[in-house]
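I opened the notebook to record what I looked up in this structure.

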Amino acid sequence: LQNIVSKHSSQFRGNAQHDALEFLLWLLNRIHEDLGTASPPQQTHVPEEVGDARRGGRTPWPGGQCPTQVSSLTCPHCLKQSNTFDPFLCISLPIPLRQTRALNVTLVLQCERRRFVRVGLAVPLLGTVAELREMVAREGHIPPEQVILAEVSSRGFLRSLGDAEELGAAGEGAPLYAFQPPPARHTGTAPRLSPLAGGCPPAQPGLVGSGSCGAGIGGMGARPLPATTRSSDCLHRGAGGRILLLLCNAASDGPCLARFGPPLVLREERGISWEQLQQSILGQLQVLLRGEVRVQGAGALFRIRLAGGTGPCAYLSPQDPRPLCHPAVDRALQLSGAGGPPHVKLTAEWDISTKERLFGNIQEEVVEDAESVRLQQQAHQQPPSCTLDECFQLYTKEEQVLGTPR
């Protein structure tokens with residue numbers, strides 16, 4: 001075979017190594033030439049419209065004529081169509097690549113039976129956060145405008161996601177959470193925290209309780225704030241309306257923070273006092289408190305810091321009559337980004353001794369994984385597969401060609 005081929009093509013003479021694909025192309029070309037010579041005279045005029053030109057239709061070849069590829073170009077302004085017919089021996093087909101990636105999102109819902117659940121989503125690689133918000137809304141059966149998307153690390157909140165952001169970096173800095181705001185209350189006061197055990201007389205505000213119900217807490221545990229962080233002098237006077245708060249609890253051991261318990265979502269009046277805000281937070285954490293602990297009193301049990309803020313001014317002060325009316329809270333509302341209801345992210349920083357006394361050694365929340373988490377991970381770990389027909393569909397797919405108008 002090598003001797004016969006070398007007689008008809010000098011490039012294959014000798015005993016050097018040759019490319020197999022190059023040989024096959026040469027062989028197909030010679031076969032087509034021989035068949036064309038033995039066939040009747042070929043058609044000299046090729047019809048202008050062949051098949052579906054916009055889809056890259058192909059013409060049949062009579063006798064030994066080479067197959068012909070149609071390249072169709074349509075002007076988007078005048079709609080004039082130009083077809084080009086190119087004979088070909090082989091086609092380099094593109095392989096369809098996966099257009100999605102697996103992304104896990106923890107839903108924090110207001111449903112008691114399905115409070116924390118992690119779902120797996122197949123998000124588009126070139127999509128936006130707005131598309132992710134729609135997908136999360138369908139999973140949680142809630143309106144998209146109620147979904148708040150935020151990255152939550154082991155130290156607390158990192159950032160909220162706006163609709164215009166690209167999905168490429170979403171969930172890479174920290175696990176992604178989707179929060180559903182609580183329904184709006186019609187009462188104007190924050191709920192008071194009821195004792196965990198009955199039969200005990202109420203203690204005076206700010207004092208440590210006593211009695212047979214166990215150790216009470218009040219006015220202990222949190223370090224005093226520097227005088228520069230007290231914002232009574234620059235207090236914002238507009239105290240109307242309610243505000244949506246996202247809050248993480250973190251134990252502070254010097255400069256290190258370790259988040260514990262589930263992230264909370266609260267809706268509070270702007271004009272509530274520090275005591276009311278603290279009691280509302282403790283009310284959300286009541287199920288996590290140790291059974292022998294009785295919570296009462298009005299002391300500062302923890303410090304509240306605006307997430308993302310640095311320096312003393314990032315902390316709300318217990319001495320403020322209305323701590324949520326501070327101008328820093330207004331700035332945080334403005335920077336919460338487009339997409340979802342406006343909100344403020346807070347971190348309650350507890351001393352490690354107070355945290356262990358009240359909550360024990362609990363760490364982050366326990367989240368149930370939906371079946372979609374396993375299915376999406378399994379689907380995206382496997383190499384993508386496709387059929388030859390899918391490769392041809394991608395090859396003949398219509399595309400927009402950008403050019404300079406004449």
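I count two strands as paired if DSSP finds at least two bridges between them. The model is predicted.

**Entry 1. Strand 10 and its partners.**
I started with strand 10 and looked up its neighbours. Eight bridges tie strand 10 to strand 15, and this pair runs parallel. Within this pair, I find leucine 247 opposite leucine 346 of strand 15. Next I checked strand 11. Strand 10 and strand 11 are antiparallel and share eleven bridges. Here serine 252 sits opposite leucine 257 of strand 11. Two residues lie between the strands of this hairpin, and glycine 254 has a positive phi near 75° there.

I then asked how many of the twelve residues of strand 10 are buried. Ten are, so strand 10 is largely enclosed by the rest of the structure.

**Entry 2. The cores.**
Which residues have the most contacts inside the largest nonpolar core? I list Leu245, Ile281, Phe302, Ile304 and Trp350, in a core of 28 residues.

Leaving aside residues up to four places away in sequence, leucine 245 touches Leu264, Val265, Leu266, Glu268, Leu277, Leu324, Val344 and Leu346.

**Entry 3. Glutamate 268.**
Glutamate 268 belongs to strand 11. Is glutamate 268 buried or exposed? Its relative accessibility is 2%, so glutamate 268 counts as buried; the cut-off for buried is under 20%. What does its side chain contact? I find a polar contact between the side chains of glutamate 268 and serine 280, at 2.5 Å.

**Entry 4. Helix 7.**
Last, I turned to helix 7, residues 371–381. Its buried residues are Ser372, Val373, Gln376 and His380. Viewed down the helix axis, they fall within an arc of 105°, so they line one face of helix 7. What do the buried residues of helix 7 pack against? I see strand 4 (100–108), strand 5 (116–124) and strand 16 (368–369).

Notes: Residues are numbered from 1 along each chain as its sequence is written. This is a predicted model: local features need pLDDT of at least 70, side-chain atom pairs count only at pLDDT 80 or more; totals for chains, interfaces and linings use all residues. Side-chain values use heavy atoms; hydrogens and water are left out. A nonpolar core is a set of buried Ala, Val, Leu, Ile, Met, Phe, Trp, Tyr and Cys residues joined through side-chain atoms within 4.5 Å. Buried means under 20% relative accessible area, exposed over 50%, partly exposed in between (1.4 Å probe, protein chains only). Contact means heavy atoms within 4.5 Å. Helices (H or I, at least four residues) and strands (E, at least two) are DSSP runs, numbered from the N terminus. A polar contact is a pair of N or O atoms within 3.5 Å; within protein, one must be able to donate a hydrogen and the other to accept it, and residues adjacent in sequence count only if both atoms are side-chain atoms. The arc is that of the directions from the helix axis to the C-beta atoms.
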